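Here is a short briefing on one protein chain.

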Amino acid sequence: MRIAFVTDMHFGYKRFEQDAFFQGREAILAAAREADLLILGGDNFATPLPRMETLAEVTKLLREAREIVRSRGISGQPIFAIHGNHDRRAKGFVHPTDLLCLGGFCVNFHNRTLIYERNGEKAAISGMGSVPEDMAGEALKQIACKPVEGAFNIFVLHQSFQEFDRMK
């Protein structure tokens, strides 16, 4: 099984919006052409409230990526995603990565483990999207993700931790 990891696209980044979109698009489409599973590791957007045009561009891109993967004979949902600190919103609010997942363009694996199987191989993908730094240590202790026996286990974390900040 081939797994691709793409992170920090920062779609909608105002200063270099076209460049960010072009580079993110190229990375995602290359992954769709080569990998069985694509993992988006957070900071998929530059802001928790991207412009509607940015959301439309990204949904078209993910639809195209999904079709490329399906044209290679891979069924199911081959794109897993978590949010990062740039696209995170307060607890209880929908963030743009959630919106993509609710639309069926990807599957959110924040604080859970998803199993992906292909050709007799099994991968367990677990993750923790960004949480406020003062809550990160506790969130990591309480995370619901656990390794799965007989699977290749991957844990994706998009987080910084205040306790490791050497600048204090």
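M9, F11, I28, L40, N44, F45, V58, L62 and L100 line the largest cavity. That cavity has a volume of about 40 Å³. The model shown here is predicted.

**The cavity**

**The largest pocket**
- The largest pocket has a volume of about 600 Å³.
- Its lining is made up of 22 residues, and K91, H110, S130, V131 and P132 are the closest to the pocket centre.
- Nine of the lining residues are nonpolar, eight are polar and five are charged.
- Helix α4, residues 133-142, gives the largest share of this lining, with four residues.

**F109, a loop residue**
- F109 sits in the loop between β4 (107-108) and β5 (112-118).
- F109 counts as buried because its relative accessibility is 0%, and the cut-off for buried is under 20%.
- Leaving out neighbours within four places in sequence, F109 is in contact with I39, L40, F80, A81, I82, L114, I125, S126, G127 and V156.
- One of these contacts is I82. F109 and I82 are 27 residues apart along the chain, yet their C-alpha atoms are separated by 5.9 Å.

**D36, another loop residue**
- D36 lies in the loop between α1 (17-34) and β2 (37-40).
- Is D36 buried or exposed? D36 is buried, because its relative accessible area is 9% and buried means under 20%.
- The D36 side chain makes a polar contact with the side chain of R118, at 3.3 Å.
- Not counting residues up to four places away in sequence, D36 touches M1, R2, V69, R72, I74, P78, Y116 and R118.

**Confidence in the model**
- The chain has a mean pLDDT of 89, and 95% of its residues reach 70 or more.
- Among the elements of the chain, strand β1 (residues 3-6) has the highest mean pLDDT, 97.
- Helix α4 has the lowest, 81. This is the helix that gives the largest share of the pocket lining.
- Where pLDDT is low, predicted coordinates should not be read in detail.

Key: Residues numbered from 1 in each chain as written. Predicted model: local features only at pLDDT ≥ 70, side-chain atom pairs only at ≥ 80, totals over all residues. Heavy atoms only, no water. 1 Å grid on protein atoms, 1.4 Å probe; cavity = no way out; pocket = protein on both sides within 12 Å on 5 of 7 lines; lining within 4 Å. Points joined across faces, edges and corners; volume = space filled by probe spheres on them. Helix = DSSP H or I, 4+ residues; strand = E, 2+ residues; numbered from the N terminus. Nonpolar A, V, L, I, M, F, W, Y, C, P; charged D, E, K, R; others polar. Buried < 20%, exposed > 50% of the residue type's maximum accessible area, 1.4 Å probe, protein only. Polar contact = N/O pair within 3.5 Å; in protein donor to acceptor, adjacent residues only side chain to side chain. Contact = heavy atoms within 4.5 Å. pLDDT = per-residue confidence, 0-100.
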